[in-house]
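User: Can you walk me through this one? I'd like to start with the pockets.
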Amino acid sequence: MPADFYDVAIIGRGPAGLQAAIHAAGKKVSVIVFGRAERSSLYRAHIANFCGPKDVVAGKEILETGKKQAEALGAAFLEEDVIETKTENDGFTLTTESGKTYASTALILAMGVARKKLLVKGEKDFVGRGVTYCVDCDASFYKDVDVVVVGNESAAASGALTLLHYARTVYLVCSKLAISDSLFKQLQNSKVKLLEGTWIKEIVGSQAVEGVVLASGETLKVKGVFIELGAKGAMELAANLGVVFDAETFSLIETNKKQETNIPGVYAAGDITGPPWQIAKAVGEGCVAGIEAAEYAKKRRAEGR
């Protein structure tokens, strides 16, 4: 296997991802975890209703301890966002924001569900009518029109690059980019129109989006507004793999009791599988997903795949 191959890859550094890493690595398979601890909703929280600790515990402390536990068992950690997932060679490939590609036999999705809103005038009014939160889901609906992507991180930058294959003109509005050097070079060498140092103040239109007003006072005439704040979420990364979401909200991944999705080798755990939004549920599902993913990888290895 190539040096960048792992039996189990985990996207998400929250409690579900960490618990999955602990149990998968404990099964003596190679494990890599992608993501940043500060992206977890637990990072700035305090826990008082979790079995074990008698006092209130800082979420940051739990995340740091969990990482050390997983590392002690052999799990590797990479503090980068995954910006693309693919099914390939009877397994999965994951591309990070620095442009490096990793391969795995099994994949665990544990990156949470938070879809950050801009909270600007017009945003609510035009959701589904020009305002979207998923480039990979909706890019094909904006062929040959002008669009704008807003965001400072990898999801926005990679989303803008993806939209170049569909839209006529792609603007990227950001207050200050916080992405890898490799991704920044891709932007520089592309046709994306980068507008740094400003932000969207209002989304305007009548029946659908017709433009956005920037903090600078400038108006961009666009038909689509892609709000991509932070890292790639479950919708984008799972949609590429054909993973099924719940029919009601199309934001939660459906799993069985083994945390299996409809795609063999792909598991999901934590908030992305639905409420309650509790650390106890996240670590429980992470435990199951880690064990099942490790056993799946072992079985595939025994079959010579």
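Analyst: Let's start with a term. A pocket is an open set of grid points with protein on both sides within 12 Å along at least five of seven lines, and its lining residues have an atom within 4 Å of a point. Keep in mind that this is a predicted model.

User: OK. Which residues lie nearest the centre of the second largest pocket?
Analyst: I83, E84, S158, L161 and T162 do. The lining has 16 residues.

User: How much space lies in there, and which element gives the most to the lining?
Analyst: About 320 Å³. Strand β6 gives the most, with four residues. The elements that each supply at least two are β6 (82-88), β7 (91-96), α4 (154-163) and α5 (181-188).

User: What classes are those lining residues?
Analyst: Three are nonpolar, nine polar and four charged.

User: And the largest pocket, how much space is that?
Analyst: About 980 Å³. Its lining has 49 residues, and R39, S40, S41, M111 and G112 lie nearest the centre. Here α6 gives the most, with four residues. By class, the lining divides into 23 nonpolar, twelve polar and 14 charged.

User: New topic. In what order do the five strands of the open sheet run?
Analyst: The order is β9-β16-β10-β11-β12, with parallel pairing. β9 (131-132) and β12 (193-196) stand at the edges with a single partner strand each, so one side of each has no neighbour in the sheet.

User: How many bridges join β10 to β11?
Analyst: Five, between residues 146-150 and residues 169-174.

User: Which residue is the bridge partner of V150?
Analyst: V173, in β11.

Notes:
Residues are numbered from 1 along each chain as its sequence is written. This is a predicted model: local features need pLDDT of at least 70, side-chain atom pairs count only at pLDDT 80 or more; totals for chains, interfaces and linings use all residues. Side-chain values use heavy atoms; hydrogens and water are left out. Two strands pair if DSSP finds at least two bridges between them. On a 1 Å grid over the protein atoms alone, a cavity is a set of points where a 1.4 Å probe fits but cannot get out, and a pocket is an open set with protein on both sides within 12 Å along at least five of seven lines; lining residues have an atom within 4 Å of a point. Grid points are joined across faces, edges and corners, and a volume is the space filled by probe spheres set on the points. Ala, Val, Leu, Ile, Met, Phe, Trp, Tyr, Cys and Pro count as nonpolar, Asp, Glu, Lys and Arg as charged, and the others, Gly among them, as polar.
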